[in-house]
Amino acid sequence: MQGRFLFLLLLLVSIISCKTPTDIVYFQNASNLEKINSSNSFTPVLKVDDVVSILVSASDMDAARPFNLQGASIGLGENGAGGDAAQGVAEPTYLIDENGNIEFPVLGKLKLAGLTRIQVKEMIKEKLKIYINDPIVSVRLKNFKITVIGEVTAPGSYTIPNERITVIEALGLAGDLSIRGKRNNVMVIRENDGVNTYYRLDLTSKNIFESPVYYLAQNDVLYVEPNKSRVKESRTTNNVFGIVLSVIGLGISVAALLIR
């Protein structure tokens with residue numbers, strides 16, 4: 001009788017372990033060969049406290065030099081003009097102030113907050129045309145980073161060189177969610193003008209591709225909440241730790257009384 005009960009118990013455990021839990025599988029409602037046409041597109045918009053590099057170059061390097069911060073060096077690209085292909089370039093960097101502006105050589109105060117990198121590039125090129133023939137302007141966002149915390153393998157902050165990353169890619173950088181992470185309630189925290197906005201994502205649904213935060217912005221925080229088993233385990237561990245400390249404290253007190 002006892003052997004039969006043990007056999008049935010092992011069989012039940014085997015069946016349960018072979019079942020795929022519905023709360024840990026991504027994109028469950030995506031059909032085979034289904035094509036999802038996402039309307040999502042993302043281009044970073046510059047914000048207060050962003051750090052941008054702006055390099056001005058041209059075929060006439062002497063004409064371009066006054067428009068770069070002192071100490072910046074400008075190399076020559078393959079076509080004889082400075083640009084992104086230039087070698088050994090020290091790019092001048094600017095911090096966008098609390099009013100959304102930077103102080104640019106010769107041109108003075110420029111409003112960058114609220115503009116994309118391409119818009120900034122075109123704006124500066126237009127202003128430079130009265131000083132330089134065919135100016136070349138390179139603009140880069142230097143502080144594009146995201147932070148992933150919570151139930152992931154490698155939490156931390158990650159710098160993104162190409163200024164474009166999705167939620168899925170960010171989780172991949174962090175080593176994916178642990179088995180204890182809630183996949184249907186991942187939070188993205190986004191700050192704009194001092195106001196934090198919270199978004200909830202369900203990684204188990206294909207609808208994540210339509211989320212307004214599928215593409216992350218600079219300084220976004222991605223938080224993976226622990227599931228109930230993890231919370232329960234944490235509480236149990238804390239309770240055990242508290243009991244152990246209490247026993248140790250009691251032992252010390254008893255020992256002190258005996259010594260007296």
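A nonpolar core is a set of buried Ala, Val, Leu, Ile, Met, Phe, Trp, Tyr and Cys residues joined through side-chain atoms within 4.5 Å. In this predicted model, the largest such core has 47 residues. The average pLDDT of the protein is 80, and 69% of the residues score at least 70.

**Nonpolar core**
- Within the largest nonpolar core, I54 and F104 have the most contacts.
- Two or more residues of this core come from each of the elements β1 (51-57), β3 (101-104), α3 (117-128), β5 (136-141), β6 (145-150), α4, β8 (186-192) and β10 (221-224).
- In soluble globular proteins, nonpolar side chains tend to be buried together.

**L171 in helix α4**
- Helix α4 spans residues 167-173 and contains L171.
- L171 counts as buried because its relative accessibility is 4%, and the cut-off for buried is under 20%.
- Setting aside residues up to four places away in sequence, L171 touches V148, V152, D176, L177, L203, L222 and V224.
- The C-alpha atoms of L171 and T153 are 9.1 Å apart, with a sequence separation of 18 residues.

- D176, one of the residues touched by L171, lies in the loop between α4 and β8.
- The phi of D176 is near 75°, a positive value in a residue that is not glycine.
- D176 has a relative accessible area of 31% and is therefore partly exposed.
- N219, in the loop between β9 (195-201) and β10, has a positive phi of about 70° although it is not a glycine.
- With a relative accessible area of 37%, N219 is partly exposed.

**Largest pocket**
- The largest pocket holds about 240 Å³ of space.
- Its lining comprises 14 residues, of which K47, V48, E191, N192 and D193 are the closest to the centre of the pocket.
- By class, the lining of the largest pocket has four nonpolar, four polar and six charged residues.

Key: Residues are numbered from 1 along each chain as its sequence is written. Side-chain values use heavy atoms; hydrogens and water are left out. Helices (H or I, at least four residues) and strands (E, at least two) are DSSP runs, numbered from the N terminus. Buried means under 20% relative accessible area, exposed over 50%, partly exposed in between (1.4 Å probe, protein chains only). Contact means heavy atoms within 4.5 Å. pLDDT is the predictor's confidence in each residue, from 0 to 100. On a 1 Å grid over the protein atoms alone, a cavity is a set of points where a 1.4 Å probe fits but cannot get out, and a pocket is an open set with protein on both sides within 12 Å along at least five of seven lines; lining residues have an atom within 4 Å of a point. Grid points are joined across faces, edges and corners, and a volume is the space filled by probe spheres set on the points. Ala, Val, Leu, Ile, Met, Phe, Trp, Tyr, Cys and Pro count as nonpolar, Asp, Glu, Lys and Arg as charged, and the others, Gly among them, as polar.
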